[in-house]
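Here is a short briefing for a first look at this model. Start with the sequence and structure below, then read the points by topic.

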Amino acid sequence: VIDVFQGDLHKAGMKPLTFVRQVLAACVYPPLINSSNLPLDARQRTQEELGRCVGGSVGEGNVCGLMTWKKMKMLVVQDPQGGAEKTHRTQLSLLCDNYYFCGFGPWLRTQALLNREASPRTGVLIPVPCHNKTVLSIMQLGAVAVPYYLSEEQGWALQVEELQRALESAKGVCNPVALYIINPGNPAGIYSSQCGDQVIRFAWEKRLFLLVDEVYQDCVYGENCEFVSYKRTLSEMGPPFSGTVELASFHSVSKSFSGEYVCGLRAGYVELVNLDPAVMKYIHTLFSKDSCETVLGQIALDLMMDPPKPGDPSYLLYKQEIEQIRTVLVHNVKRVHEVVNSLPGFSCSPIEGGLFAFPRLHLTPKAIQKAKVTAEMQEDPDTFYCTRLLEEGGVFTGPGWEYGQKEGTYHIRFCIAVPQDVMEELLRRLSSFHMTFMKDFS
Amino acid sequence: MNHGTALLWKRRALSSLSATRRGLPKEKMSENGIMSRAKVLTIDTMNPTVKKVEYAVRGPIVQRAVELERELSEGMKKPFAEVIKANIGDAHAMGQQPITFFRQVLALCSYPELLSDSTFPEDAKSRACRILQSCGGNSMGSYSASQGIDSVRQDVARYIERRDGGVACDPDNIYLTTGASDGIVTMLKLLVCGEGTTRTGVMIPIPQYPLYSAALAELGAVQIDYFLNEEKCWSLDITELQRAVNEARQYCNPRALCIINPGNPTGQVQSRQCIEDVIRFAAKERLFLMADEVYQDNVYAEGCQFHSFKKVLFEMGPEYAETVELASFHSTSKCYMGECGFRGGYMEIINMDNEVKDQLTKLLSVRLCPPVPGQALMDLVVNPPQPGEPSYGSFIKERTATLSALAEKAKLTEQVLNTVQGISCNPVQGAMYSFPRITIPEKAVKEATEKGQQPDMFYCMKMLEETGICLVPGSGFGQKDGTYHFRMTILPPTDKLKILLNKVKEFHQRFTQQYS
């Protein structure tokens, strides 16, 4: 079975980054610092990382959710996303204390924002399509998810008019306090940095807290496409926006390939901008009580943000491995687009970012009816398609309804970060299955 | 497939009722007349339960300690050369050495190329291979199943069976977690429901590990305190449990009983009889039992022995074994491993309703999976080197050294503190802490109250400023009214611990003198 249901690269066969693995291994077992099996820079880096651990051990639990490392501050200041250096730098140095290690999940769970007892209930605007775990997390916290639809016709673009409509629709139902953006998107690939300006203005006008999930920031493929963080856009907009719009942006080691796709390490961070200092005190307490971050994960994060540089012994291999991954992704993205668009009843927007394809199934009403009748449990047509695809084609994908889609449309989602030969096999199986399916249900 | 999500997404037509209830952005005028906007997220609009959350172990005293460290490093003169953080049960931070074998296997798992390195023993290599084979893509970097890696759960089940003298353990009842805290909070989430007088009440020991009170505050559950008996070495009295639950029934719906054994901060190890009594009590009062057993290997006092709730439950026969609902928790952060930073843990759930189990699985799936290195480490803890294997000798040596050092330090702590007039310390039977009672002179209590501080916080803050020693005041854990305590770990290396204890002694004498 080709499992492309989740964005798990190692499971799919992508190789981890050597330098990262070497450093992590040596951090775990420090005698390796003297081993000639490891390159000098990996060994030196290990010493640096261990030097930051209390007691020199990755088993220590002092570094919980709190960012205490000076180096992190330095890194942030050198952040190439810094944009307008002067203003950004000042803001950065003020904000450096506002980094917390966490996974997006835990952050949401401790989300101070979502007031369970509020009446009307708290609302969060979320994109459709969207990662289903976000919706579940929001619901778990007793809030209401208010959908805004990305425009499939425009390559899943985010349109401010649609945000307005969504906000209107919430009247009388809940009190929207936050706007959740995925940049680049999941599952929809395109990212909305170009309209970042407009979105920030909208958030400012409507007094919405911006939650920006930027875990896929390294996965941008489109030509002439460049990731621009919301933080950068915000700072470049200057006052009154830059000093007032409340923003939380998230990054993670699970999805970045300039670091390591280490989903299993469960590490990430959130940067908090313009929050009320009184609230920050409580957030600090929340993060200190529940340490979900492993020390290894934090080290992986550090390696991600500060990789080998030209001149370092590991640089060439590192660069090569990154390029390899990138090449595979860019290639896969093209192939998926080519193949899917060549099949009848199947279409796919250009995938400009992220790790997933979210192609659309064009089923005739007859086909839908037939599918509904055939399905054992009154399944949606896309679930039915995915189940069949799994059983007959041996490819494990996710049905569109799990991520949300416009009424009457159907999609499937699958991860595109697999080795090239696996992708070819996937596309071959998908094509053959799809042709059969379309025939059977025409 | 998640039907909840389906319903959500199908509810496209959100009713658009009448006028907006969203207020206009509130503009505030500051003193010099400049308009400033109120934030979206303020103390008033924030989730109110967050305000109630406190976690003394990393609370204000620790923040001050960190400040002092910074000041020291910047060259400021202090009456001490270093800050000693004896507040948190973090073994490695205090210099405890990790178990070599565990670290070797984990290094091999992190960078499998090392499998060709001859400096690693064969048994470490074969363990690493076995672990990697159960990981997706043979890499620790993959997500695992939400309940945890299958083969690890099976190993945990076998460990529990061995530990409990053959009492059967079903791997399906094992859930790997991100440290024990993750499991505990998840279970509490499941248990909390109702409103007003039907709101879930959870019984917790006083003194307690403040994760419990913090979690209950965040979840909006009712905290039901039962007091451990300080005069009887912090023992658990059923009569006290009964009192607590009877009173609580007047204003909430008691549904769970949390026991920490060996105890934190108190260190008491419950007798087998006591555990049986607790089980009977839970059965009678229909309470879900939560047994926090993370210190199960940390038992020092003669005559004391760890008895797992699971084992005792089953030995009490089917009347209890088939009915009492129990969750027991373990972790890689304590015992002889002390690997807090790996966030490894598991919980075993007994007699849980099947439908609830499904919900539990769903709840866990939202956070995807616990960290894989932590799962791998847990696998090694439950499946350590066996006699005959190359690493067995050094493993036993290291484990024994760590545990006997802790036992020695437990005794030392009790002895030294009991020589101080005004400090009285119960024997540290297990776990990693001492929780001595301190007498605070009236004058000091008064000054503290005027400052708006708990007297023991006032005491600990003074101790920090004068000696650099960071402890946690008893008020952070709960204590009988009018009594004061502090919690100190027994983790610093023996020679440092001796210095520490003497400094505490000197400080206490000075403090008592100053406020007499």
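**A loop serine in chain B**

Ser271(B) counts as partly exposed because its relative accessibility is 38% (buried is under 20%, exposed over 50%, partly exposed in between, with a 1.4 Å probe and protein chains only). This is a predicted model, where local features need pLDDT of at least 70, side-chain atom pairs count only at pLDDT 80 or more, and totals for chains, interfaces and linings use all residues. Residues are numbered from 1 along each chain as its sequence is written, chains are lettered from A in the order in which they are written, and side-chain values use heavy atoms, without hydrogens and water.

**Around Ser271(B)**

- Ser271(B) sits in the loop between β7 (253-260) and α10 (272-285) of chain B.
- A polar atom of its side chain lies 3.1 Å from the backbone nitrogen of Cys274(B).
- Cys304(B) is 33 residues from Ser271(B) in sequence, yet 7.4 Å away in space, C-alpha to C-alpha.

**Nonpolar cores**

- The largest nonpolar core has 190 residues (a core is a set of buried Ala, Val, Leu, Ile, Met, Phe, Trp, Tyr and Cys residues joined through side-chain atoms within 4.5 Å).
- Val336(A) and Phe102(B) are among the residues that touch the most other members.
- Helix α14 (residues 315-342) of chain A gives the most to this core, with 9 residues.
- A second, separate core has 39 residues, including Met461(B) and Tyr515(B).

Terms used. Helix = DSSP H or I, 4+ residues; strand = E, 2+ residues; numbered from the N terminus. Polar contact = N/O pair within 3.5 Å; in protein donor to acceptor, adjacent residues only side chain to side chain.
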